[in-house]
Amino acid sequence: MPNEELGRLCFVIMPFGEKDDHGKLIDFDAVYRQIIKPAVEALTQDRIRIHCLRCDEVEKAGLIHERMINYILDAEVAVVDISTANPNVYYELGVRHALRDRVTVLIRREGTRNPFNIAGMNTIDYDDSSPETIAQAQSMIRSFIRNGLLSSTRDSLVHAAVPGLEISSRQGAIAASRVHRYAPANAPGREIRLITGNLRNVNLNSGTADDQIDIWVSSENINMQMARVFDASISALIRYLGARRDDVGDIVEDTIADELRAKMRGRQQVNPGMVVSTGSGSLADSHHVRRIFHVAAVYGVIGGGYHPIAQVEQCITAALLQADRESARAEKAGEKPYRSIVLPLLTTGSGSSSLVDNARKQLDAARNYLEARAAVTRLDRVYFLAPTKRHLSALQVALAELGMAEVGAGDAAPVTVLPATQPGHCTSTDSAHAVDGTKAGAPGSGAAGAAP
């Protein structure tokens, strides 16, 4: 990823050039250069890597309107200057409020009045005539953005008026399985790694036994009900791949789900963040997976769907701790300890949550665990799955904000999967069944990332 792209995007919606505003000539290019851009980029002081962009700064062929809509959708932050009541700006603001529930920051030249439909929205005033007022505006823009990124509060009237409205961006599925490596500063010999592509390809293209990932983590609800095998979730894929199947792929024995059910011993639910460990069923032979950890990452509400538990990053710590506990038992039995684990990015299906912020919390939990237990942990590789370009970008931005630089990349050859002949079989590009991430909203689901 180019260095300038290794950060969040703030898309600026405003007039260009000089415009007349009730008899006063406003140089909006100067407003952008002297007020907006410095304010946004000052967020690096808060360890938020972000860069500013206006449509006129993008040197790409194609329709400018199409690029503009894409940036409005994809940018985590938008700053909108409503001075001069510019119709193009209002149109783009409406598009932004329809596509994103947060973080949209409104600014205006001092003396501007908000029209009726946005009259109640917080708006930052600026006066470009004095350094003092410019500094005040910059400080407020920075605060609005920082607070918006750290909060789940909606600032879109559209999303506030239509609860549950979800707009999905293009996921950008990654076909190849590749590894990006990062080393925590205070955990010698330990690495946090990102592995791209479909989970079903993990371990199939590893050249040596040392490259195999011992433990796969499945996000479940607190009832520990695995997802149905046709659902677009990590849980569903693990359930299917771990089951004993006949020659045409039909499930003969629901191995992992049955063991998980037995482990519950009639309980209706477990505590949020709890980890239940099972065997890996057929995955032991097909993918060399030794254990499956089921983490209780979401809870269900009758008639209201599934919701992430509070402080879902605790699931990361619990899973890593469980790995070390099982390593201790394995060593006592004369078996090899568990050296590696792969986790999906949990609870990223909520439209009100930031993928980067979720990634940052979960990666930080993994880093803190490895550093705090560097002397005793048997884990030397903690993987996070990046099934799509969007997930990979969020994970890389979060690692950059945590001050962790990539130390190398081990590329694994892409895996070729034969075309399916039975429901439940899929190629790595099958949009109906190729499951890369776990999406909240179905039994057994708790980490987002719809199937590509």
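**Notes on the predicted model**

1. A135 is partly exposed, having a relative accessible area of 41%, where buried means under 20%, exposed over 50% and partly exposed in between, with a 1.4 Å probe and protein chains only. A135 belongs to helix α4, which covers residues 131–150; helices are DSSP runs of H or I with at least four residues, strands are runs of E with at least two, and both are numbered from the N terminus. Although A135 and Q34 are 101 residues apart along the chain, their C-alpha atoms are separated by 9.7 Å.

2. On the basis of these remarks: this is a predicted model, in which local features need pLDDT of at least 70 and side-chain atom pairs count only at pLDDT 80 or more, while totals for chains, interfaces and linings use all residues. Residues are numbered from 1 along each chain as its sequence is written, and side-chain values use heavy atoms, with hydrogens and water left out.

3. Overall, the chain contains 11 helices and 18 strands, and buried residues make up 52% of its 452 residues. Of the contacts (heavy atoms within 4.5 Å) with a separation of 6 or more, 68% are between residues 24 or more positions apart.

4. Strand β1 (residues 8–13) runs parallel to β4 and is joined to it by four bridges, with F11 standing opposite L53 in β4.

5. Strands β2 (residues 18–21) and β3 (residues 24–27) pair in the antiparallel sense over four bridges, and E18 stands opposite D27 in β3. Two residues lie between the strands of this hairpin, in which H22 takes a positive phi near 55°.

6. Which residues have the most contacts inside the largest nonpolar core? That core has 72 residues, and the residues in question are L199, W216, I238, I341, L363 and F384; a nonpolar core is a set of buried Ala, Val, Leu, Ile, Met, Phe, Trp, Tyr and Cys residues joined through side-chain atoms within 4.5 Å. Helix α10 (residues 355–372) gives the most to this core, with eight residues. A second, separate core of 27 residues includes I26, V31, I141 and I145.

7. Helices α6 (residues 234–242) and α7 (residues 255–264) pack at an angle of about 110°, their axes being 6 Å apart. That makes α6 roughly perpendicular to α7, a term covering angles of 65 to 115 degrees. In α6, I238, R239 and G242 meet T255, I256, A257 and R261 in α7.

8. A173, in the loop between α5 (157–161) and β8 (178–182), is partly exposed, with a relative accessible area of 39%. A173 and T196 are 23 residues apart in sequence and 9.3 Å apart in space, C-alpha to C-alpha.

Definitions and conventions:
Two strands pair if DSSP finds at least two bridges between them. Axes are lines fitted to C-alpha atoms, for helices over the stretch in contact, and angles run from 0 to 180 degrees between N-to-C directions. Angles under 35 degrees count as roughly parallel, over 145 as roughly antiparallel, 65 to 115 as roughly perpendicular and the rest as oblique.
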